[in-house]
Amino acid sequence: MRHHWYPILLFLILSAISLSLVACSANPSPELSPQEILERSAERMQTLKGFQVSINRSGAPAFLDYGQTLSLSRLDGYYVAPDRVQANVRVIAPGIVVVVDVISIGSIQWQTHVITGQWEQLPEDWGFNPATLLEAESGLPAILITDLSDLQLSADAELDEMPGKKLFLIKGMLAGETLYNLSNGMIGPDEMDAQIWIDPVTYDLQRAILSEHPGTADAERIWQIDFWDFDQVIDIQPPL
């Protein structure tokens, strides 16, 4: 009767070996260069239907409008490919700090009024458009390939929000001119320090920290940009 267990035992051993091989095959090749990792991450971001994002600015003001009256403090929202963003934005205006809702569809933007809360369409020359910054083909995910130099790779980094999860951390210098144009002058144009955290299995871009040091301490800015809920989408429509 005991011999009847041998086929079962053999099956369990083979199954364990098979699962081990699958797990190993899911891990990235240790031979990947920082540039190859960035390229895979950009390709991954271009396939996504959407994601959640937060942009947090500390340091010197970063103005949303050409008139330089409204400064971005924080943005939290959704990006839906290829060119839609719905977010709430913490804005610092002269004498007040407010949160406004923003919808961007292509080049058209709407925002709730700082005082009345009513939706209004923004003029075409308003300034910063988050959809342009986040667009996968030519926005931030793409320029992390083309505009980063002096790359350094750490293969076992962690984020405090994801304890125990090993991530790729790539450090380098990011040329600021393209990002300056994408953000309508809000970020850049000087070269800045960049830190990029990437999932080593999915190649999802988890976090980017960009540090601007334009020459004087009172002009320094740090941008922390976080991504999560990959492929999650919401229905973003014009508010009017």
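**Who touches Arg207?**

Leaving aside neighbours within four places in sequence, which residues is Arg207 in contact with? The list runs Leu159, Glu161, Gln195, Ile196, Trp197, Gln224, Ile225 and Asp226, where contact means heavy atoms within 4.5 Å.

A quick note on the model: it is predicted, so local features need pLDDT of at least 70 and side-chain atom pairs count only at pLDDT 80 or more, while totals for chains, interfaces and linings use all residues. Residues are numbered from 1 along each chain as its sequence is written, and side-chain values use heavy atoms, with hydrogens and water left out.

**Where Arg207 sits**

Arg207 belongs to strand β10 (residues 205-212); strands here are DSSP E runs of at least two residues, and helices are H or I runs of at least four, numbered from the N terminus. Arg207 counts as buried because its relative accessibility is 10%, with buried meaning under 20% relative accessible area (1.4 Å probe, protein chains only).

**The whole protein**

Zooming out, the protein has five helices and 11 strands. Of its 240 residues, 42% are buried.

How values were computed. Buried < 20%, exposed > 50% of the residue type's maximum accessible area, 1.4 Å probe, protein only.
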